[in-house]
Amino acid sequence: AGTYALREAVRVVAARSLCIRGQGPSTMLLAAAGGTAIAVSDSNTVHIENLGVASAATRASNAAVILRRSVGITLERLGILAIAVGDERSVAIRLDNLLLGTAVTRCVLLASTGIEGGLGEDHVAALGLRIEDNAFWSVNRGVALGRSVLHFGETRIAGNTLVGCLDAGSSLLGGAAPNAAVN
């Protein structure tokens with residue numbers, strides 16, 4: 001438990017079987033200026049649960065949590081507050097590159113966009129993506145998966161509560177591989 005003001009993002013790189021567990025609302029990570037608190041990449045079986053994250057986006061490329069090139073990443077029972085500074089927009093969770101077996105469950109996401117990937121220059125190949133039972137308080141979009149997302153296997157977006165979302169609750173514009181299911 002405690003409030004942790006980060007000087008830079010917590011970077012999880014090439015981790016195997018790692019669990020980062022907080023003590024609920026009494027564990028808070030405050031992102032450094034710029035906005036990213038946690039960045040996971042090139043990892044296998046990482047579980048982050050039961051903590052809060054607060055960030056302020058000063059550039060469009062920032063997100064409070066970034067997931068990239070990993071297998072078996074689970075975000076569960078997180079509270080993420082991503083505030084937009086000036087004309088920027090904020091993103092709670094950004095998906096990037098190759099993600100296999102990624103799950104975001106029972107989280108509360110407050111941001112301009114809750115979860116995004118495949119927008120702009122980033123590309124996402126997702127196999128077994130689950131976004132379930134979350135609460136989104138989003139100015140623009142709850143889930144925004146753009147044209148540069150390719151879904152393999154099953155992508156499941158279910159049981160979420162969406163509030164605000166002036167542009168769309170869920171926007172899924174990418175493609176699906178043969179025999180893929182987007183629910």
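**Notebook: salt bridges in a strand-only chain**

I began with R69, which at 36% relative accessibility counts as partly exposed. The model I am reading is a predicted one, and I keep that in mind for each entry below.

**Entry on R69 and D42.** I looked up the partner of R69 and found a salt bridge with D42, in which the closest N and O atoms are 2.8 Å apart. R69 belongs to strand β7 (residues 65-84), whereas D42 sits in the loop between β5 (38-41) and β6 (44-57), so this pair ties together parts that are 27 residues apart in sequence. I also checked D42, and at 31% relative accessibility D42 counts as partly exposed.

**Entry on E49 and R77.** Next I looked at E49 and R77, whose side chains meet in a salt bridge at 3.6 Å, N to O. With E49 in strand β6 and R77 in strand β7, the pair links distant parts of the chain, 28 residues apart. I noted that E49 is buried, its relative accessible area being 7%, while R77, at 31% relative accessibility, counts as partly exposed. I then traced both residues into a network of salt bridges that links R21, E49, E76, R77 and R106.

**Entry on E116 and R89.** I turned to a further pair, E116 and R89, and read a salt bridge of 2.9 Å, N to O, between their side chains. E116 lies in strand β10 (residues 108-117) and R89 in the loop between β7 and β8 (91-100), so the contact ties together parts that are 27 residues apart in sequence. Here E116 counts as buried at 4% relative accessibility, and R89 counts as partly exposed at 30%.

**Entry on charges overall.** I recorded 10 salt bridges for the structure. The chain carries 15 positive and 14 negative side chains, and I find the centres of these two sets 4 Å apart.

**Entry on the fold as a whole.** For secondary structure I noted zero helices and 19 strands in the chain. The radius of gyration is 15 Å, close to the 16 Å that the globule rule gives for 183 residues, so the chain is as compact as a globular protein of that length. Along its principal axes I read a C-alpha trace of about 45 × 40 × 30 Å. Among contacts with a separation of 6 or more, 83% come from residues 24 or more positions apart.

Finally I looked up burial, and 48% of the 183 residues count as buried. The chain exposes about 8,300 Å², of which carbon and sulfur atoms supply 54%.

Terms used. Residues numbered from 1 in each chain as written. Predicted model: local features only at pLDDT ≥ 70, side-chain atom pairs only at ≥ 80, totals over all residues. Heavy atoms only, no water. Helix = DSSP H or I, 4+ residues; strand = E, 2+ residues; numbered from the N terminus. Rg over C-alpha atoms; globule rule 2.2 N^0.38 Å. Buried < 20%, exposed > 50% of the residue type's maximum accessible area, 1.4 Å probe, protein only. Contact = heavy atoms within 4.5 Å. Areas by Shrake-Rupley, 256 points an atom, 1.4 Å probe, with all protein chains shown as cover. Lys, Arg positive; Asp, Glu negative; His and termini not counted. Charge placed at Lys NZ, Arg CZ, Asp CG, Glu CD. Salt bridge = Lys/Arg side-chain N within 4 Å of Asp/Glu carboxyl O.
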